[in-house]
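Dear colleague,

I am passing on the structure below, together with some notes on what was found in it. Please have it open beside this message as you read.

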Amino acid sequence: MTHGFLLYARSRVLPRTVLALAGTAAAAVLGARNLDAYLDPSRQVPVVALAPLFAAAVIGTSLHSASDELDRTAVRPWWRRRLVHLPALTGCAALLLAATVYGHPSPFGPAAMVRNTLGCVGLTAGAAALLGARLSWLPVFGYVSAVYLGSANARGRAVPVWAWPVQPAAQHTAWVSAVVLLVAGTALYVARGARPEGRRD
Amino acid sequence: MSPVSHLASRPSPGEPAAAVRTAGLRVRHRRTVALDSVDLDFGPGVHGLLGPNGAGKTSLIRVLATVAEPSGGRVEILGHDIRDHRRRGEVRRGLGYLPQDFGYYPGFTVREFVAYVAWLKEMPADGVPAAVERAVARVGLADRIDAKVRRLSGGMIRRVGIAQAVVNEPPVLLLDEPTAGLDPEQRVEFRELLRELGVSSTVIVSTHLVEDVAAACTEVTLVDAGRVAYRGTPPSLAALGESEGGPGDHPIERGYTAALRAHRASAPGGALR
């Protein structure tokens, strides 16, 4: 069983995924260093919005199954493995990224990083179920980029609902949006798996 | 209990045991009907599944492999109705499946890939290493067992696909175009393996190659436009070709074209698409 689990981990390139998450975290540390965020905390927004985006993209590609047709003949239902796989990587990414801004007591510190990781992973997991794992990074990339570029001058009560990636950590509505996305995306992925890619007769 | 003895423990009284049975099977893909009212039963032996492209062969194999859902009718494998999700695990333990395009994990060696499938089938872990070596040896790849799958030629990858399908010594083996990409010598060896497997297992092989059917199959089923057009043995299909005079260069080929024409003539509205 242990050997089977290791084969599963390698089939989903999990070791490389964890390394890529660590690389994303290292890039976030470098990015955060030169921002002089102590002058203006909002200078940290690019790191807090973009690092979770890259981490989610890395996690999304690990949901790809190269032999989907054979995997469907597995004796045990897949949902249990998916329910371990996705939350484990999400937790790993959230911890790594939160650590990159640890000690920055700003509104865009570790808590905002965790919230954005959860929301981005939720979007990516949902996209993997609907579009396939290889393209799962695309919707979250488009969404977060659009929010980042378009929310600067937005006003209104609904802004925290859709512009959650650029809200301060204390903004509760943004947390609700991110958690709803995580739960919905995870549920969709766990129930359906990544959408099969390639030919079907 | 081995899978083979599992099959042997379920004889149907008064008739040969049918490991696979379909009744009124219907499969739809969006708006097209891939299979319609298909009643078939397959017992131990090698069953050739012939038919034109798009006839529904792959749809039938995928439903039997439990990877596609039928839209109607009943499918029974090893005595279990496959719609019963609680018994699906039991059915899948006894299935071997080679899809047309099986995909493989790029970092895996042959040994790892076949072991991965053994793990999917929940084979007892202590028996897996020996079962993997046996399956790989059966397809003649023992000397490449630790090579990366992605470094193998197309024919070798096909043989890896066959090895993963037989690793659990399944009582029901479903092979979709197994000889595509094999060279003539490999095909001869593969037919030998098929005959060997057909002694104890129910092997269903979809193919376009009539030589494979003539040489290795005990029964032949011809599918056209989602319906069963002909069932018989390779000699009876060849005899049909000789008596009806269908075009072709091989007796089975003549039988194939004659049976298809007869089926189409008897069901002018039979084309489902």
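**Two crossing helices in chain B**

In chain B, the axes of helix 4 (residues 110-120) and helix 6 (residues 154-166) come within 8 Å of each other and cross at roughly 35°. Please keep in mind that this, like everything that follows, comes from a predicted model. The crossing of helix 4 and helix 6 of chain B is right-handed. On the side of helix 4 of chain B, the contact is made by Val110(B), Phe113(B), Val114(B) and Val117(B), while helix 6 of chain B contributes Val160(B), Ala163(B) and Gln164(B).

**Chain B as a whole**

Stepping back from that pair, chain B contains ten helices and ten strands. The C-alpha trace of chain B spans about 55 × 40 × 40 Å along its principal axes. Chain B has a radius of gyration of 19 Å, which agrees with the value near 19 Å that a compact globule of 273 residues would have. Of the 273 residues of chain B, 50% count as buried, and among the contacts in chain B between residues at least 6 apart in sequence, 64% join residues at least 24 apart.

**A proline in a loop**

Where in chain B does Pro44(B) have its place? Pro44(B) belongs to the loop between strand 2 (32-42) and strand 3 (45-50) of chain B. Pro44(B) counts as buried because 22 other C-beta atoms lie within 10 Å, where 20 or more are needed for that label. If its neighbours within four places in sequence are left aside, Pro44(B) is in contact with Gly198(B), Ser200(B), Ser201(B) and Thr202(B). The C-alpha atoms of Pro44(B) and Ala19(B), which are 25 residues apart along the chain, are separated by 7.3 Å.

**Where the two chains meet**

Turning to the interface, 20 residues of chain A are in contact with 27 residues of chain B. Helix 1 (2-11) and helix 4 (68-71) of chain A each supply at least two residues of the side of chain A that touches chain B, and the largest share of that side, five residues, comes from helix 1 of chain A. The residues on the side of chain A that touches chain B divide into six nonpolar, six polar and eight charged.

With best wishes

Conventions. Residues are numbered from 1 along each chain as its sequence is written. Chains are lettered from A and ligands numbered from 1 in the order in which they are written. This is a predicted model: local features need pLDDT of at least 70, side-chain atom pairs count only at pLDDT 80 or more; totals for chains, interfaces and linings use all residues. Two residues are in contact if their C-beta atoms, placed from the backbone, lie within 7 Å. Helices (H or I, at least four residues) and strands (E, at least two) are DSSP runs, numbered from the N terminus. Ala, Val, Leu, Ile, Met, Phe, Trp, Tyr, Cys and Pro count as nonpolar, Asp, Glu, Lys and Arg as charged, and the others, Gly among them, as polar. A residue is buried if 20 or more other C-beta atoms lie within 10 Å of its own, exposed if 12 or fewer, and partly exposed in between; C-beta atoms are placed from the backbone. The radius of gyration is taken over C-alpha atoms; the globule rule is 2.2 Å times the number of residues to the power 0.38. Axes are lines fitted to C-alpha atoms, for helices over the stretch in contact, and angles run from 0 to 180 degrees between N-to-C directions. A crossing is left-handed if the near helix is turned anticlockwise from the far one by less than a right angle, and right-handed if clockwise.
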